[in-house]
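User: Please take a close look at one helix-to-helix contact in this model, residue by residue. Then set that contact in the context of the rest of the structure in one connected account.

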Amino acid sequence: MRVMVCIKRVPLVGGKVVLSPDGKEVDTKFLGFGISPHEECAVEEAVRLVERNGGSSTVVTLGPQSAVEQLQFAMSLGIDEAILIDSGDEEWGPMSTAAALASAVSEKVAEGAAPDLLLLGNEAPDSGDYQVGIRVATALGWPCVTGVKELDVSDGTAVARREHGSEMEMFSVSLPAVVTVKEGLNLPRYPSLPGRLRAKGKKIDQMKAERMAEGLTTLQLRLPAEDGRETELLGTGVDAVPRLIEVLRETGVLAR
Amino acid sequence: MSEVPSRADVVIVGAGIVGNSLAYHLARLGKTRILLIDKGPLPNPGGSTGHASNFIFPVEHSKMMTRFTQDAVDQYKALGVFTQSGGIEVARTEERLQEFKRRAVSAKAWGEEAYHLSPAEVKGYVPYINEDVIIGGIYFPAVGVVDSLRAGTLMREEAQRMGALSVLGGTEIAGIDVEGGRVTAVRTDGGDRIEAEMVAICCGVWSPKVARMAGATIPLYPTVHQMISVGPIARFADTAGEIEFPIVRDMDTGMYERQHGGDMEVGSYAHRPIVIAPEDIPSIEEAVLSPTELPFTQEDFDPQMRDALELMPEILGDERAGVRHAINGLISLTPDGLPAIGETPEVRGLWSVAASWIKEAPSIARTAAEWMVAGVTDIDVHEADIARFYPHQRTVSHVRARAEEGFNKTYAIVHPLEQFESVRSVRRSPMYSREEALGAEFFETVGWERPQWYGSNAPLLEEYAGRVSSRPAEWDARWWSPIIDAEHLAMRDRVGIVDLSSFAVFDVRGPGALSYIQHLALAQMDVGVGRVVYTPLLDVAGGFKADLTIMRMASDEFRVVTGGGLGMVDKKWFVDHLPGDGSVTLFDATSAWCTIGVWGPRARDLVGKLTDADISAQAFKYGTCKWIELGDIPVLASRISYVGELGWELYVPMDEGAHAWDLLFEAGQPLGAVPVGMGVYATTARIEKGYRAYGNELTPEYDPVEAGLHRRVVKKEDFVGKRAHLVQRSLPPAAILCTLSVDTSVSKGGVPRFPLGKEVIVTPDGDPISDRKGRPSYVTSAGFAPSVGQYLVMSYLPPELAVKDMRLAVECMGERYPVTVVVAGNGAVFDPENERMRA
């Protein structure tokens, strides 16, 4: 089978987020870049599906040229080939992004290498539009399941499960299909050194796309108020034990 | 956490391994009110200690660094945080194998074990290594790993237990108050002000930023060192502790592989230099991991991954082992790669204890504590003295450039004379363009470009054929030319002209000048006006602080002339001792005066052609100075010599220096005058005259009796170190500085090899030698003596071996060469009666 997975280069925030002076983007001076945990699971799933069923996997991104780094990361985990759709340095909205990704899929279809499954993260960790997967599916006329945390693929059918409250919803869709996944789908592997070196040697296909007018535009970013987390020092050494036990009881770790 | 005190003896800023250790040592030495502040949380406030690889190879070519490391290991062991693993450096090139021979010699000199290994033997220790890509190795059994965070915590807690230490975590320094050039208090971001006698900056990569608050500089630059951690490694699955296999340093690729539990940590010093301005280090809040663990830049590491994979394919090639952690870790690099320790020259009471690796940190802290409390240190720290940097070496641009250039030298084979390529030509004497035209090979010292030899003297090689030395081995001949020997002989036969503009010159004036100078100098300084006195300066323990010449210019005026290399260290010593009553002023006249040395049997003829002054032997005696007219320039002529010849140091106003050089050069042509470089001045001429050099023979670890520089009588006036000096004189010396000749230089391979310095002196059977104070005998200086046709080395020897004609050996590049003591104590193999100098 052929699996295609879409990823997005995003800044890896961990500490306090700093905005650019114009408030339109995140200041990435101190940040590295990567892909979201959802997408790491999508990549892992693609690799596993091909390991199990044979076939090939392709990673695709719409992003700046520096997104080569993320494509190579995906390939270091075992993805076979990569496509970079050049967006320049501008952030594209969900409509343009979905159209670009759909055209990449269509190109594969035209080449006679139609994917059976298109995997995406459930949402981008930075813009959080929750739209791209659905828009791509609509453009392609494929079924789409979002928020998936379990996935089984066999005989032209994908069975996808997702959480709904405390229940699990189960969808069975015929392939080709679009599935957007969430962290927890699997436990992604780390890149091995040989994987990294293989990825380094692989060619990346470059594509162009047209940016279109969007329904949504970014006006301004605003940092939400901090949670005001506090650290309480319970004590040091043996003196801390009584209070520690109290806290463990309060939090339900120990029976009361 | 403690309440914020309003006063402290010492405020230590930075609770990494250095700050914690400093707190402990200050407490141990009797300080009772110490405050330790860090902006981060304890025990890991986010500095470089927190991400350090924590392994220690206690072998270096530098004696100071080896001693720091050995002491640090002892401290870590005492704290119970040291795990011995052994360490192996592997070679992929023949040049590296030669370097291992040199490393083994250094190990032996400083008392460490080292064993050469074949590739198969390396594999015996490290079964997962690919022995096909290496051609040998060197094994250091003493190598180990430490828990530096735990060590810091234990030391901090011990200082607290002693009741000497308060600790403030999560508190940032907002300012350092300075009054009258002395630190008075620190201010915190919480609005507290803590009065302090001393403030110690132990802030690693942030040190420059904190120092700047007080108007001081700490010349280091945060530099990235990339590390990855790969796991799980199947072979390490059963490892009980942290490490079971020796640490491997893959020297020729600039990398190390170090087991860390179930993972293999791979670190690199081979990637492009990546420097981060202190201002560009993220705050604790903004940092994703920690401020000193920056996002990994994969593309910089890719070439190193290939090398690592090639060396350890079995474990790093395992597809199931992944890169679980990868960082661009920050380390602190100074322009010369050595630590920056000591009181800052800008602000009294403000101390730098920075640019340390884990491997030496507790020792650097101990040394700083001793210095802060007692003024002297057990380990000779002069090479790491923060005062060593000249103002231009403290500029951001200089520090950054040298940090960048120095980074890739971390595992490189660095020749003892290797020159930096960056920030050159900063300080040029007025004669520079003339020297350049003469084909000078410039070596740099503290920014000065100094001719080491002159290409224009190449024709002398023919004139002195058979008397100049040859060095067939490339290593020995690197940064060297036989022209040095030819220049030397031409100077001895005729006359040489030497540019000595790098001298540091301090003019001391005022009614208190005599007693001030007397207080610092070992020699009697109450001499007639116009006398020039060579004298050591001692520290309070009676070791060498400096050696220099002092001219008595007037009853209330002295001119101090010292080598440029440690000019700023010496200046701080003089400035620190100035009386508070204003009776003495010190003016740094270094940039006002250049110095031209004119020496050789025809020196009087040469200078005589340009002056009407009476410079006859009777009228201008050795050891005196006077103003003379050199053509149309008044110059201060000082009749002394570091090359053992008749002649003068001519002190010329900097702006007239080129003119003076031209006058001398032109007048010298009929006399056969040659320009002479530092190769002669600092080595060949010096060594055959037995002259001692600061930093080589003269260090705080040795005293004037041992160096043979004590006077027949001790002056009655008090001086720094006098009490210790009197004790030294009352006891038989533990060592005596000797000159030895290398009897044969031909190696087993038939190629002559030469010691270049720091090689170990051994008995004829190859046993190391040390004196009753435990100090090893090693080559302090080495060089050919063209006048006598011998290769000489200098070394301190225990008295029973410091006997003329005693036969010993020197180890050099893995082989032993016989040497013979030719001068026991102070003396010269050439012109021992100093007749030439006094002619």
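Analyst: **Helix packing in chain A**

From helix α3(A), the residues Pro94(A), Met95(A), Thr97(A), Ala98(A), Ala99(A), Leu101(A), Ala102(A) and Val105(A) meet Val132(A), Arg135(A), Val136(A), Ala139(A) and Leu140(A) of helix α4(A); contact here requires C-beta atoms, placed from the backbone, within 7 Å. This is a predicted model, in which local features need pLDDT of at least 70 and side-chain atom pairs count only at pLDDT 80 or more, while totals for chains, interfaces and linings use all residues. Residues are numbered from 1 along each chain as its sequence is written, and chains are lettered from A and ligands numbered from 1 in the order in which they are written.

Helix α3(A) spans residues 94–110 and helix α4(A) spans residues 132–140 (helices are DSSP runs of H or I with at least four residues, strands are runs of E with at least two, and both are numbered from the N terminus). Their axes lie 8 Å apart and meet at an angle of about 50° (axes are lines fitted to C-alpha atoms, for helices over the stretch in contact, with angles from 0 to 180 degrees between N-to-C directions). The two helices, α3(A) and α4(A), are therefore oblique to each other (under 35 degrees counts as roughly parallel, over 145 as roughly antiparallel, 65 to 115 as roughly perpendicular, and the rest as oblique). The crossing of α3(A) over α4(A) is right-handed (left-handed if the near helix is turned anticlockwise from the far one by less than a right angle, right-handed if clockwise).

Helix α2(A), residues 68–76, packs against helix α5(A), residues 193–201, at an angle of about 130°, with the axes 8 Å apart. That angle makes α2(A) oblique to α5(A), and the crossing of these two helices is right-handed. Here Gln72(A), Met75(A) and Ser76(A) of α2(A) meet Gly195(A), Arg196(A), Ala199(A) and Lys200(A) of α5(A). Elsewhere in chain A, Leu175(A) and Pro176(A) are joined by a cis peptide bond with omega about 0°, and Pro176(A) sits in the loop between β9 (167–174) and β10 (177–181) of chain A.

The cores come next. The largest nonpolar core has 276 residues, of which Ile34(B), Val199(B), Ala200(B), Ile201(B) and Val353(B) touch the most other members (a core is a set of buried Ala, Val, Leu, Ile, Met, Phe, Trp, Tyr and Cys residues joined through C-beta atoms within 7 Å; buried means 20 or more other C-beta atoms within 10 Å, exposed 12 or fewer, and partly exposed in between, with C-beta atoms placed from the backbone). Another core, of 59 residues, lies apart from that one, and its members include Ala99(A), which is also one of the α3(A) residues that meet α4(A). Cys6(A), Ile79(A) and Leu185(A) are among the other members of that core.

Chain A also meets chain B, in a contact that takes 20 residues from chain A and 23 residues from chain B. On the chain B side, the elements giving two or more residues are α7 (298–311) and β18 (322–333), and α7(B) provides the largest share, six residues. Strand β18(B) is mostly covered, with ten of its twelve residues buried. It runs antiparallel to strand β13(B), residues 221–231, to which eleven bridges join it (strands pair if DSSP finds at least two bridges between them), and in this pairing Gly231(B) stands opposite Gly322(B). Strand β17(B), residues 293–295, also pairs with β18(B) in the antiparallel sense, over three bridges, where Glu293(B) has Gly329(B) as its bridge partner.

Further along chain B, Phe503(B) lies in the loop between β23 (496–499) and β24 (504–509), and this residue is buried, with 21 other C-beta atoms within 10 Å. Beyond its neighbours within four places in sequence, Phe503(B) is in contact with Val561(B), Thr562(B), Gly563(B), Gly564(B) and Thr595(B). The C-alpha atoms of Phe503(B) and Gly564(B) are separated by 4.6 Å, although the two residues are 61 residues apart along the chain.

Technical notes. Contact = placed C-beta atoms within 7 Å.
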